[in-house]
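Dear colleague,

I am passing on the structure that we talked about, and below it you will find my notes on what came out of it. Please read them with the model open beside you.

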Amino acid sequence: MLELSHLVKTFHPGTVNERRAIRDLSLTVPEGQFVTVIGGNGAGKSTLLNLISGALFPDSGSVRLDGQDVTFLPEHRRARDIGRLFQDPLMGTAPNMTLEENLSLAYLRGSHRTFAPAPSRKNEAFFREKLRSLDLGLEDRLKTRVGLLSGGQRQALTLLMATVATPRLLLLDEHTAALDPATADKVLALTDRIVRENRITTLMITHNMASALALGDRTLMLEQGEILLDVSGEERASMTVDALLERFQHQSGAQLVNDRLLLSRG
Ligand SMILES: Nc1ncnc2c1ncn2[C@@H]1O[C@H](COP(=O)(O)OP(=O)(O)OP(=O)(O)O)[C@@H](O)[C@H]1O
Ligand SMILES: [Mg+2]
């Protein structure tokens with residue numbers, strides 16, 4: 001379970017460049033819940049994930065993960081419990097190492113989660129099986145350098161690495177935005193499957209409002225560092241993209257400023 005309590009983050013306070021990125025934000029995400037997050041440019045979505053992952057510390061408020069206060073725990077110490085994917089497929093994997101080496105590292109990093117033994121030759125079969133599940137033909141390329149993979153293959157591999165040992169929390173920041181539409185759909189479907197099968201507590205930022213409603217259990221809309229909308233259950237199940245936009249405009253009194261969001265309403 002993730003518990004955010006009264007988080008505040010202001011960049012460059014007291015200067016002309018002051019940006020109140022997160023304003024008194026509280027949120028509880030129960031174990032296993034899959035939350036999608038949308039919002040305009042600069043709404044504070046990435047900052048929110050940065051506060052949760054430890055890439056940034058808040059000015060005030062707290063972050064608790066499974067009851068433990070991790071607000072000021074360094075990022076590298078949280079990384080063992082938190083899987084994270086970014087927009088850029090080049091992040092998250094080591095290009096000069098093989099698929100097998102990358103997976104071994106990820107497995108070792110996460111092994112304390114499952115008390116699994118260190119990788120051995122047996123793991124080759126294990127990794128091959130995991131890669132086969134991606135359905136991208138990567139199972140026969142264990143000895144290939146990751147730098148030779150396509151963006152989509154690489155992002156799918158990063159997803160696999162982030163979840164090969166089930167993390168307590170998975171943070172996805174527009175992780176399919178840089179992929180072509182067909183590949184993006186594939187990686188999204190994969191995300192959905194992996195998250196559901198392993199019941200991973202997940203926050204996924206997306207600019208695609210249709211996938212925000214289609215995937216997961218709950219959708220948050222952020223605006224100016226605050227949660228403007230929080231829909232789940234039946235209300236969400238029957239919600240259309242147009243209705244979501246309308247609710248946003250009604251609540252914020254503003255036009256949604258996010259070109260990509262509007263372009264991908266369908
Ligand atoms: N490291 C930083 N230094 C200064 N200001 C920052 C920094 N990171 C974010 N900001 C500012 O904080 C606000 C929130 O930014 P953030 O990146 O969280 O938005 P976002 O919702 O992820 O937007 P996008 O959809 O464009 O990715 C913006 O005004 C941004 O300019
Ligand atoms: Mg962002």
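A residue is called buried here if 20 or more other C-beta atoms lie within 10 Å of its own, exposed if there are 12 or fewer, and partly exposed in between, with the C-beta atoms placed from the backbone. Helices (H or I, at least four residues) and strands (E, at least two) are DSSP runs numbered from the N terminus. This is a predicted model, in which local features need pLDDT of at least 70 and side-chain atom pairs count only at pLDDT 80 or more, while totals for chains, interfaces and linings use all residues. Residues are numbered from 1 along each chain as its sequence is written, and chains are lettered from A and ligands numbered from 1 in the order in which they are written.

With that in hand, helix 6 (residues 181–198) has Ala-184, Lys-186, Val-187, Leu-188, Leu-190, Thr-191, Ile-194 and Val-195 buried. The expected span of a helix is 1.5 Å times one less than its number of residues; for the 18 residues of helix 6 this gives 26 Å, which agrees with the 26 Å between its end C-alpha atoms. Arg-199, which follows helix 6, has a positive phi near 45 degrees.

The protein is divided into domain 1 (2–81 + 169–263) and domain 2 (95–166), with bounds that come from an automatic or database domain assignment. The contact between them takes 13 residues from domain 1 and twelve residues from domain 2, where two residues are in contact if their C-beta atoms, placed from the backbone, lie within 7 Å. On the side of domain 1 that touches domain 2, helix 6 gives the largest share, seven residues, and the residues of that side divide into seven nonpolar, four polar and two charged. For these classes, Ala, Val, Leu, Ile, Met, Phe, Trp, Tyr, Cys and Pro count as nonpolar, Asp, Glu, Lys and Arg as charged, and the others, Gly among them, as polar.

Turning to the strands, two of them are said to pair if DSSP finds at least two bridges between them. Strand 9 (residues 218–223) has five of its six residues buried, so it is largely enclosed by the rest of the structure. Strand 9 pairs with strand 3 (residues 34–39) in the parallel sense over five bridges, and Val-35 stands opposite Arg-218. With strand 10 (residues 226–232), strand 9 pairs in the antiparallel sense over six bridges, and the two form a hairpin with two residues between them, where Gln-224 in the turn has a positive phi of about 45 degrees.

A separate open sheet has four strands in the order 2-1-4-5, with antiparallel pairing. Strand 2 and strand 5 (68–69) stand at its edges, each with a single partner strand, so one side of each is left without a neighbour in the sheet.

Finally, the residues around ligand 1, meaning those whose C-beta atom, placed from the backbone, lies within 6 Å of it, include Phe-11, Arg-19, Gly-44, Lys-45 and Ser-46. Helix 1 gives the largest share of this shell, three residues, and by class the shell has three nonpolar, six polar and two charged residues.

Best wishes
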